[in-house]
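Visitor: Could you walk me through this protein and the way its parts pack together?
Guide: Gladly; have a look at it here, and then ask away.

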Amino acid sequence: MPSPRILPILLVAALLGACSETPVATKPPAGQAPGNYVTTLESLTVAPERPMTKYSRDRFPHWRSAGSNCDVRDTVLARDGKNVKKSGCNVTGGEWFSVYDNVTVKDPADVDIDHMVPLANAWRSGADEWNDDKRSDFANDLERPQLFAVTKSSNRSKGDQNPAQWKPPNKDYYCQYAQHWITVKSYWKLTVTADEKRALSSMLGTCV
């Protein structure tokens, strides 16, 4: 057993060792290696788009509560913005860089929250068979790269189109856009069309 005079030294050493430990990461984990997205894309089921019969955005309830009178939209605006100003949970100011079109906006009224895989596209690729609770989970998914603060104009230009029909004006974002789209479709087990798969493969070709 160490002598009483050595014990304080051992205690200090232990405390210093604890302070030198690597801090817990606060950022989300890094994405897959580029080659893994190719593999994931190959694993997606290719199928024609399903009919829009009975589709409604109301079948994907959003934006759900995120606690303290906040909702998921507020959460994304706060997460994606800089110098964000709030009144309670309501975002009243800040700065948002829209990755789709390389535009920075400073008025939250000019920002839309885009679903990477649009709700109508999800419906046509398998979500028509889900119940509304699962569709709500999809529409409010903060864990996958599904929700992004972007300019209204880019979001509305995209609409419900897949990557064979619409790509971000910012070509430097092609790689990440394809990776995000593939991640969401894979997790939610949604299908892709043959043209959509070819477009995604081409966009992955821009990854370095």
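Visitor: Which residues do ring pairs link into a cluster?
Guide: Keep in mind that this is a predicted model, where local features need pLDDT of at least 70, side-chain atom pairs count only at pLDDT 80 or more, and totals for chains, interfaces and linings use all residues. Numbering runs from 1 along each chain as its sequence is written, and side-chain values use heavy atoms, leaving out hydrogens and water. Rings of Phe, Tyr and Trp (its six-membered ring) pair if their centres lie within 6.5 Å; planes under 30 degrees apart count as stacked, over 60 as edge-to-face and the rest as tilted. The cluster linked by such pairs consists of Tyr55, Phe60, Trp123, Trp130, Phe138, Tyr187 and Trp188.

Visitor: How many aromatic pairs does a search of the whole structure find?
Guide: A pair of aromatic rings is described by the distance of the centres and the angle of the planes. With that description in hand, the search of the whole structure gives 14 aromatic pairs.

Visitor: Are the rings of Tyr55 and Trp123 stacked, tilted or edge-to-face?
Guide: Their centres are 5.7 Å apart. The planes stand at 70°, so this pair is edge-to-face.

Visitor: How many residues apart in sequence are the parts that Tyr55 and Trp123 tie together?
Guide: Helices (H or I, at least four residues) and strands (E, at least two) are DSSP runs, numbered from the N terminus. Tyr55 lies in the loop between H2 and strand E1 (65–67), whereas Trp123 is in helix H4. The pair therefore ties together parts whose separation in sequence is 68 residues.

Visitor: Is Trp123 buried or exposed?
Guide: Buried means under 20% relative accessible area, exposed over 50%, and partly exposed in between (1.4 Å probe, protein chains only). Tyr55, at 22%, is partly exposed. Trp123 has a relative accessible area of 3%, so Trp123 is buried.

Visitor: Which residues does Tyr177 touch?
Guide: Contact means heavy atoms within 4.5 Å. Leaving out residues up to four places away in sequence, Tyr177 touches Tyr100, Met116, Lys158, Pro163, Trp166, Pro168 and Met203.

Visitor: Is Lys54 buried or exposed?
Guide: Lys54 is placed in the loop between H2 and E1. Its phi is near 70°, a positive value in a residue other than glycine. With 70% relative accessibility, Lys54 counts as exposed.

Visitor: And where is Asn83 placed?
Guide: Asn83 also is not a glycine, yet has a positive phi of about 50°. With a relative accessible area of 61%, Asn83 is exposed. Its place is in strand E3 (residues 81–87).
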